[in-house]
Amino acid sequence: MTQSKNLRLLILIFGALAIISSVRLWTAQDALTSSGTIGTALRLTVPILLAGMAGLWAERCGVLNIGIEGMMIFGTWAGAWGAWQFGPWVGLLFAILGGMFGGLVHAVATVRFNIDQVISGVVINLFAFFGVRYLSELVYVGKKGGGISQSPPQKWALPRFNLPILSGGDIAGWKSPDFLGWLELQRWFILGDLGGIGRGLTHSISWATVIAVVVVPVSTWVLWRTRFGLRLRSSGESPVAAESLGVNVIRLRYYGLLISGGLAGLAGGTLSIVASSYYRQGQTAGRGFIGLATMIFGNWRPSGIMTGAMLFGYAEGVKLVASDSITASFLFIAAISVMFFIYAIIRRKRMQVLIALVAFCLSAIAYRTVDTVPESLTQSLPYVVTLIVLATANQRLRPPAMAGVPFRPGEPH
Amino acid sequence: MTQQLASQRNFDSMRKSLNTLGSSVGAIILALVICGVLLLVTGKDPFAAYGKILETGLTGEKLLEMLKRATPLIFSAIAVAIGFKMNLFNIGVEGQYLFAALIAAEAGTHVSLPAPVHVLFILVVAMVSGAAWASIAAILKITRGINEVISTIMLNYIALSFIQWIFETFFRDDSDGGLNVKTTEIAPSGRMPDLVDDRLNGMFIVALFAAFLYWVVVFRSRFGFQLRASGLNPIAARTAGIPAKQMILFALVLSGAVAGLVAMPSVIGDVYAYGPSSTPTQFGFAGITVALLGRNHPLGIIVAAMLFGFLDSTSAVLQLSEIPSSIVKVIQAIIVLVVVIVNESSSRRYNRKTAERAAMALKSLDVTQ
């Protein structure tokens, strides 16, 4: 990271904050940056982030993983079962194991038997959906609160904590002040938003969230700073070259898919143990696919995946906590379009000027005319955002060169 | 000499078909064994389960139900197979057919035409709407290079909420005081007659016809050749002057058009309306498995659809004898996975053996002299 790049990032973040703060003050929609919204957004970010990281590990070792959704389903079910029987920590472990089972099936099918990777993934999704339903019929039916499509509620929950001083955590029994909470209540321009965002990120944090966030730097370090990571990435970029240097591509792809499955399982576990206290059919709700889209959006890099996951988490959080704020978000889009418009004029990009202009007009009209957006339409918001983001940010992406291409050791290519 | 070569080629292709057939049957048996172990581990008697499936399946009534259940699967699998033939993975059949079902059901209530034309009109509207929804993914792929796997998955979710919205706001028939969660019923002139009363609808014939058309268009026409060539080797196809982008558009639009027919057995053959709970879902994904099992061949698809239709029809009976009915779906998933794996490795073995035989033949001909 160079100095100027850092500066640009800072300006970008500050600019976005300024826009969203102005929109908040103008429309009086405090929920846009309230700690409640941000906290919810963070909770919704976690599974998508983990799913994206699962996709990253699979594709970096050279195997497409459409089956993340299915591995997450294994994770939700196994996690909920473990948590119901033995408590939440064991539950998370079971979730990881459940996901790894899916990863193993995928590895055997694609790495050992070389079948089409997309096909294997799709079949795993189906297998997981109905396999788990079958297990529920055997295990949960007849238990108190359980049934064919949901597990009995868990008795324990994972502990949550508040950061001391910043958001009112306890230090050895002393209740420290809730500084960010106070800042949020002042509703000042930018500072109030910072308070809300900061408090949302530090208040009532589950340990599972911490684990999920730690996965990002750890993955970055392992993949880009260790010998194992270099070899793993080389089997995704050029397995033939890797093999000629004595790297065991097959074994590395097994490892990659087991890690991928474990992360997907953990993502499922956070859904059935942290975000709620029981397993429910359809709990994953396509988050595995959104995670995949996030991975593409993030250009197969952990930091990019983190950004993408936060974007989706925020979109979903606003949708859940503050459905009234949806109209305010039109204004937000309009403001961003103006910025983009200026940028495109400076860069003399005619097409982008046009796109920005159209986006501005549409969002402005939408803000003036639409009072409430129907619930059924807001549900598709994350998916529409995915498509728009992919359509606009697609140009500079570079996937691992050999992801998706079957590899057989010792065969000429 | 040429005759000898021709007979050799016939023999080879027959050997290959036999190889495929044998490995498929073997794979299905292997999958059933795996499921048997699964049943055993979870404390159920596999022999009782399979016995029950066979026993109930061999009655005439069940056979009709099998054909009935196979009908939408055939449409869905053909839609998926058209994409597969060009290396395109249309996971969006689900969204395409539900969208088409709603639009066609609503359009069908707004016209009054003589019976056959009315039915035809609804079918055409369904095909056009399915194709329209699929064309979004095609346009995204052509203009922005977005992988159709991701875009069609996203479009499935978008379709679901979009359909829900237009249904609730515009198309819902409220004449019943809000009790009726369907569109207005289609007039009798727009209904497809049953082949066997209440057992099998005429759409089954349409499905067989669609499979035939699929065979003609994809396997026996110039367009189909270009399509398969683009799928087998895109670079060679482009060099030969086949327009890649146009082929993507055609393939996805055609796939979406067939997908539009998936819910028609329900819309014009059974319920005569679209309803969120009365129109069947999940056929898009089932179609993928059927297409894989049938290896994208029309006959294979029909047989695979019947097999799955048969398994589906036994689930109610299984439930009665205290075996969870979801095991049927698990069996289906395992069958597909095992069949794909076995086919892959058997075709690799077959190719290797063919290469060895060719090398031997060359040696004995002594071509160097």
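**Notes on a predicted two-chain model**

1. Among contacts in chain A between residues at least 6 apart in sequence, 73% join residues at least 24 apart. Please keep in mind as you read that this is a predicted model. The secondary structure of chain A consists of 17 helices and four strands, and 49% of its 413 residues count as buried.

2. Chain B can be described in the same terms. It has 15 helices and two strands, and 48% of its 369 residues count as buried. If you take the contacts in chain B with a separation of 6 or more, residues 24 or more positions apart account for 77% of them.

3. What about the overall dimensions of chain B? Its C-alpha trace spans about 90 × 55 × 35 Å along the principal axes.

4. How confident is the predictor? For the complex, it gives an ipTM of 0.84 and a pTM of 0.86. The mean pLDDT of chain B is 87, with 95% of its residues reaching 70 or more. Among the elements of chain B, helix H1 (residues 2-41) has the lowest mean pLDDT, 78, while H4(B) has the highest, 95. A friendly reminder for any model of this kind: where pLDDT is low, the predicted coordinates should not be read in detail.

5. Now look at where the chains meet. Here 35 residues of chain B are in contact with 34 residues of chain A. On the chain B side, the elements that give two or more residues are helix H5 (115-144), helix H6 (148-171), helix H12 (283-293) and helix H15 (326-365) of chain B. What kinds of residue make up that side of chain B? They divide into 23 nonpolar, eight polar and four charged.

6. The largest nonpolar core has 216 residues. Those that touch the most other members are A:Leu50, B:Ile74, B:Ala77, B:Ile78, B:Ala101 and B:Ile301.

7. Helix H5 (residues 117-139) of chain A has 23 residues and reaches 32 Å from its first C-alpha to its last, close to the 33 Å expected at 1.5 Å a residue.

8. Just after H7(A), A:Ser204 takes a positive phi of about 55 degrees.

9. That brings us to backbone angles. Most residues other than glycine have a negative phi. In chain B, B:Asn87 has a positive phi near 65 degrees and is not a glycine. B:Asn87 lies in the loop between helix H3 (60-84) and helix H4 (93-109) of chain B. It is partly exposed because 17 other C-beta atoms lie within 10 Å.

10. B:Tyr272 also deserves a look, with a positive phi of about 60 degrees although it is not a glycine. B:Tyr272 lies in the loop between helix H11 (264-267) and H12 of chain B. Is B:Tyr272 buried or exposed? B:Tyr272 has 22 C-beta neighbours inside 10 Å, so it counts as buried.

11. A last stop is B:Met306, which is found in helix H13 (residues 298-313) of chain B. With 18 C-beta neighbours inside 10 Å, B:Met306 counts as partly exposed. Leaving aside its neighbours within four places in sequence, B:Met306 is in contact with B:Met66 and B:Ala70. For B:Met306 and B:Leu113, which are 193 residues apart along the chain, the C-alpha atoms are separated by 34 Å.

Methods
Residues are numbered from 1 along each chain as its sequence is written. Chains are lettered from A and ligands numbered from 1 in the order in which they are written. This is a predicted model: local features need pLDDT of at least 70, side-chain atom pairs count only at pLDDT 80 or more; totals for chains, interfaces and linings use all residues. A nonpolar core is a set of buried Ala, Val, Leu, Ile, Met, Phe, Trp, Tyr and Cys residues joined through C-beta atoms within 7 Å. A residue is buried if 20 or more other C-beta atoms lie within 10 Å of its own, exposed if 12 or fewer, and partly exposed in between; C-beta atoms are placed from the backbone. Two residues are in contact if their C-beta atoms, placed from the backbone, lie within 7 Å. Ala, Val, Leu, Ile, Met, Phe, Trp, Tyr, Cys and Pro count as nonpolar, Asp, Glu, Lys and Arg as charged, and the others, Gly among them, as polar. The expected span of a helix is 1.5 Å times one less than its number of residues. pLDDT is the predictor's confidence in each residue, from 0 to 100.
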